[in-house]
Amino acid sequence: MAKKIRVLLTILLLITASLFSGCSSINFSIEDTIKPPEGKNIAVKGTWKIQNYILTDNSSLTPEKQEKYEQFIGKEAVFDNEVGAIFKDVCINPQYKSIRTSAGAFIQNKYRVSEDVLGITTENVNVVTITTDNQLFHELIVTDANTAYVYMEGGFLALKRISVDIDEKIRAESLGSVGLDIDSGDYKEDPLLRSGVLLGIRSADNTYHTLWLYFKNRETKAKLYTNQLIVPRAKGFWEIGFIPTNNEMNIYAEPFAELSKKHQTKLVSRINMINKKPNSKILFVGNDYIGIESDMRLGVLPIDNLATKKPVLLSDIIEGGSTKTLKQSAEVFISSLDSKRADGLNRQPQEDNFTLQRRNGHWIMKSRLYYKDSSADRKYEDFDVKQMVPSKLIHYDEMNIPWNEIKSRVPWTKDAYMSPNKDIAMLVSEDYIIVYTVQNKNAISKQLLKIPLKEGESIIMTEWATGKYADMWGEFSETAFDNSNDNGEF
């Protein structure tokens, strides 16, 4: 009898929970509902037909743009664990992340259009983000099991699923277009290697500029320069920079101005701006966050919301155990100091006081402890946080050649970077950025460029693009950047 009562109580509790969950007014944040697909269960798996296009950007209403969109009509899009393709846009080994969120809030905030323009009437949508090698491929707005929309340069393509399976002919064509040997499964080097990088540079006087370097088949095709920092993001390019005044350094972030207005005096919106002391500086730039130092404090700020003036916590960036990791890292550092310095420090690290720094060819995380005696000559100590840099901050940070090997062969190297294609390497000295070709993914070969660095200049951003993305970034840079120089020096 007691067992039956327990069973009945359990059933009643489940029914009650389901009733309350159905009328709950709790709103979960997007972050609370993010979950990667389990195993091979991909929500958008299968073959889709591109049925229509919807232009939402008035600047796109040109015959050329309409013709570009019309070529998609009637073509297929396919998605599984091996390939993701929308007509001729292809990525291999895609990763999928699904978000359940409000249709209106997401589309209006991200794309600055109403969901009504797309004909979306559902209250909530699934947003499926597709990435490959930590680079964004596309983002699908899924309204039901067989309907989705994908944003492309000023408009949306409307997709209908026609099968949960992928046509093998389409798969073979898609994989073949990116250099995959179908029979052996081995990857071949792309016969048209394209690599590009946006380099963000901070000068000694806290001014900022961006270099665009573009390479095709290991030959330099473009060297462009512009002031401020041009940052590639999920939806187009943003500009990050500063407006100096007598008493403040005003750091701003905004979507890049319309290309037709690029020669006009730029009026920066003050909505997304943070005011700091004149000696403040930007330490690193990622796709969604920047790191700053101001008034002896470190901080990481979301690009979308600088105006809050509130740095994120380490636990906002790293899931699980970040507070413990921070404390342990501080303790290890303090134990390495002599007793006088160790006793003089406040030993409790602060979760919002961290940033990224370059060391030995990689980004590392660091935090800061302060001395109790504020009048002393030495105010603080920086220490390494024993934690891998999460992809939320930096998407790509790989180097095929071991740092010790680089230093043994090229001892003047202070830092090093390598393209995702493993065809280009950049070695940084005190005075130059020297660009080399790479053969067989790990052998530095011919020198391509030697770019001088002024005293006090440092690299705070490296954003790589490959394949068609390098072409797209190149087209943007040719129109938006200020100048180029063909002798290899800027």
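1. In this predicted model, the largest nonpolar core has 57 residues, and those with the most contacts inside it are Phe79 and Leu157. Helix 9 (residues 467-480) supplies the largest share of this core, namely five residues. Because domain 1 (46-178) and domain 2 (194-485) both give residues to this core, it lies between them. As a general background, nonpolar side chains in soluble globular proteins tend to be buried together.

2. Phe79 deserves a look of its own: leaving aside residues up to four places away in sequence, Phe79 touches Val44, Lys45, Gly46, Trp48, Gly84, Ala85, Ile86, Tyr96, Ile130, Leu140, Leu159 and Ile166. Apart from the core described above lies another one, of 24 residues, which includes Ile318, Leu337, Ala342 and Leu369.

3. Leu157, named above for its contacts inside the largest core, is also the bridge partner, in strand 9, of Val150. Strand 9 pairs with strand 8 (residues 147-151) in the antiparallel sense, over five bridges. Strand 9 (residues 155-163) is likewise joined by eight bridges to strand 1 (residues 46-55), again running antiparallel, and within strand 9 the bridge partner of Thr47 is Ser163.

4. Turning to the aromatic rings, the count comes to 10 aromatic pairs. One of them is formed by Tyr208 and Phe242, an edge-to-face pair with 5.9 Å centre to centre and 75 degrees between the planes. Since Tyr208 lies in strand 11 (residues 208-216) and Phe242 in strand 14 (residues 237-244), this pair ties together parts that are 34 residues apart in sequence. Tyr208 is buried, with a relative accessible area of 2%, and Phe242 counts as buried at 12% relative accessibility.

5. Phe333 and Phe383 form a stacked aromatic pair, with 6.1 Å centre to centre and 25 degrees between the planes. This pair links distant parts of the chain, with Phe333 in helix 6 (residues 322-335) and Phe383 in strand 22 (residues 380-384), 50 residues apart. Are these two residues, Phe333 and Phe383, buried or exposed? Phe333 is buried, and Phe383 is buried as well.

6. Two further kinds of ring arrangement can be examined in the structure. Trp212, Tyr214, Phe237, Trp473 and Phe476 form one aromatic cluster. As for charges placed over rings, the charged end of Lys75 sits over the ring of Phe87, 5.2 Å from its centre, while the charged end of Arg233 sits over the ring of Trp238, 4.5 Å from its centre.

Terms used
Residues numbered from 1 in each chain as written. Predicted model: local features only at pLDDT ≥ 70, side-chain atom pairs only at ≥ 80, totals over all residues. Heavy atoms only, no water. Pairing = 2+ DSSP bridges. Helix = DSSP H or I, 4+ residues; strand = E, 2+ residues; numbered from the N terminus. Phe/Tyr/Trp six-rings, centres within 6.5 Å; stacked < 30°, edge-to-face > 60°. Buried < 20%, exposed > 50% of the residue type's maximum accessible area, 1.4 Å probe, protein only. Lys NZ or Arg CZ within 6 Å of the ring centre and 35° of its normal. Core = buried A, V, L, I, M, F, W, Y, C linked by side-chain atoms within 4.5 Å. Domains from an automatic or database assignment. Contact = heavy atoms within 4.5 Å.
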